[in-house]
Every structure is written in structure tokens, then in C-alpha cells.
Amino acid sequence: MSKVYAMIADGTEEVECLTVVDLLRRAGVDTVLVSVGGKQIVGSHKVKIQADATVDETDLTDADLIFLPGGMPGSEHLAACDPLMSAIDKQIKSGKRVAAICAAPAVVLCANGYLRGKKATCYPDFAAECIGAYMNIKARVVTDGNITTARGLGCAVDLGLELIRLLVGDGVADKVKNAIQY
């Protein structure tokens, strides 16, 4: 069974995060909400989210995928978390998957050089920050190698289905897609 760590912090965009988490869990993917702060965070729209664990309680090295939702200042909090950034570095260098949506592709991945030379997308207002990446701000979801990026909240279902496809296959992705009437 695939293992995903969905990272959250104060200021995370709630719907981007929870949509992807919900879809992954529907697909039978072991998905853990991990906070870079305390166990409860307050999202960018003041929704409280209870994490399953904190980053200090979690060994991120067994992840098949680390997922970074957007939102501000949530993306900045994720980027400032040294244990998370170390795990992302190891994840990418070992060929394992990382996914990010909205502000997170720019604020977390581009800012640390992980999208250099890669095709990607992000929330259009952040695209100019992605120096060295091949940005397509019209694309809903872009997968280039082991990195998947998505544009924003309206693309969260597309991202979730793409991650299911990558982790457990087209058949499961199609089953979930049909079940949610997408």
C-alpha cells in the first residue's frame, strides 16, 4: 500500500489539502496529515484542522509521496520547516514523488531549486517566482518525472485523481472519479 504524508501548517489552504487527502483515502492510499506546527492548525480561511501527527513525531523517509498544499502563509511555514525540507530533498533525490498545489510549487519547490528545468504549474500570481522552471499556468496539473504540481483550489480534484493514477493505477483513479461523479 502506498504511503502519503500530506503536510499542513497554519495558513494552509484547507480545501486544496482536504480534497486531495479525501480522494487518496477513498482510493485506499494510507494518507497521514502531518503538521509542521502543533497537532491542530488554523487554515487560511480560519478552519481548524486536526493533524494525525506532527513532523517531529513522523519519519517522513517511508513516504511514497509528500504532498504540499498551498495557501499563505501556510506554504511559507512549510518552506521554513527544516525537517520537511530535508525530507523533500531526500525524496526527490531518491526518485520518490512530491506533489504541490497553488502557492506551494513556487514558495516551497521553486524557491529551493527543485523545479529547475522541470515542467510545472502553480497559482498564476506565483509563476514569476519560478525562475528556471517551464511554467504552464494554463495547465491544471503537470507531472514531470517524480514531481506533480497543480494550479490551485479549482484543480484539487484533478490533482487528487492524478496522484491516485500515479500511485495505484488508472483503474482505481477511474473508479474514484466515477464514484464522486466527476
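Predicted model: local features only at pLDDT ≥ 70, side-chain atom pairs only at ≥ 80, totals over all residues.
**Entry 1**

I started with helix 1, residues 14-26, and how it sits on helix 5. The two pack at an angle of about 35°, and their axes are 8 Å apart. I looked up the handedness too, and helix 1 and helix 5 make a right-handed crossing. On the helix 1 side I wrote down Val 15, Glu 16, Thr 19, Val 20, Leu 23 and Leu 24 as the contact residues. Helix 5 brings Ala 156, Val 157, Leu 159, Gly 160, Leu 161, Leu 163, Ile 164 and Leu 167. Sorted by type, the residues of this contact come out as 11 nonpolar, 2 polar and 1 charged.

**Entry 1: helix 5 against helix 6**

Next I moved to the other partner of helix 5. Helix 5 covers residues 156-168 and helix 6 covers residues 170-179. I get an angle of about 150° for this pair, with the axes 7 Å apart. Anything over 145 degrees counts as roughly antiparallel, so helix 5 and helix 6 fall into that class. Their crossing is right-handed. From helix 5 the contact takes Leu 161, Ile 164, Arg 165 and Val 168, and from helix 6 it takes Asp 170, Val 172, Ala 173, Val 176 and Lys 177. I put the residues of this contact down as 6 nonpolar, no polar and 3 charged.

**Entry 2: Arg 165**

Buried or exposed, or something in between? Its relative accessible area is 35%, so I logged Arg 165 as partly exposed. What does Arg 165 touch, apart from neighbours within four places in sequence? I found Asp 170 and Ala 173.

**Entry 3: the nonpolar cores**

The largest nonpolar core has 35 residues. Which members touch the most others? I listed Met 7, Ile 66, Leu 68, Leu 84, Ile 88, Val 108 and Leu 109. The elements giving two or more residues to this core are strand 1 (3-8), strand 2 (30-35), strand 6 (65-68), helix 3 (82-93), strand 7 (97-101) and helix 4 (104-109).

There is also a second, separate core of 28 residues, and Ala 27, Leu 33, Ala 150 and Leu 161 are among its members.

Then I followed Met 7. Not counting residues up to four places away in sequence, Met 7 touches Val 34, Val 36, Val 55, Leu 60, Ile 66, Phe 67, Leu 68, Pro 69, Leu 78 and Leu 84.

I checked the peptide bond from Met 72 to Pro 73, and it is cis, with omega near 10°. Pro 73 sits in the loop between strand 6 and helix 2 (74-79).

Lys 46 has phi near 70°, which is positive in a residue other than glycine. I placed Lys 46 in the loop between strand 3 (40-42) and strand 4 (48-50). Lys 46 has a relative accessible area of 66%, so I marked it exposed.

Cys 102 is not a glycine, yet its phi is positive at about 65°. Cys 102 belongs to the loop between strand 7 and helix 4. Buried or exposed? Cys 102 is buried, because its relative accessible area is 11%.

Leu 153 is in the loop between strand 11 (147-150) and helix 5. With a relative accessible area of 40%, Leu 153 goes down as partly exposed. Outside four places in sequence, I found Leu 153 in contact with Glu 13, Val 15, Glu 16 and Ile 101. Leu 153 and Asp 52 lie 101 residues apart in sequence and 22 Å apart from C-alpha to C-alpha.

Ala 111 lies in the loop between helix 4 and strand 8 (119-120). Ala 111 counts as exposed, at 58% relative accessibility. Its C-alpha atom is separated by 18 Å from that of Gly 11, 100 residues apart along the chain.

Methods: Residues numbered from 1 in each chain as written. Heavy atoms only, no water. Axes fitted to C-alpha atoms, helices over the stretch in contact; angles between N-to-C directions. Helix = DSSP H or I, 4+ residues; strand = E, 2+ residues; numbered from the N terminus. Parallel < 35°, antiparallel > 145°, perpendicular 65-115°, else oblique. Left-handed = near helix turned anticlockwise from the far one by under 90°. Contact = heavy atoms within 4.5 Å. Nonpolar A, V, L, I, M, F, W, Y, C, P; charged D, E, K, R; others polar. Core = buried A, V, L, I, M, F, W, Y, C linked by side-chain atoms within 4.5 Å. Buried < 20%, exposed > 50% of the residue type's maximum accessible area, 1.4 Å probe, protein only.
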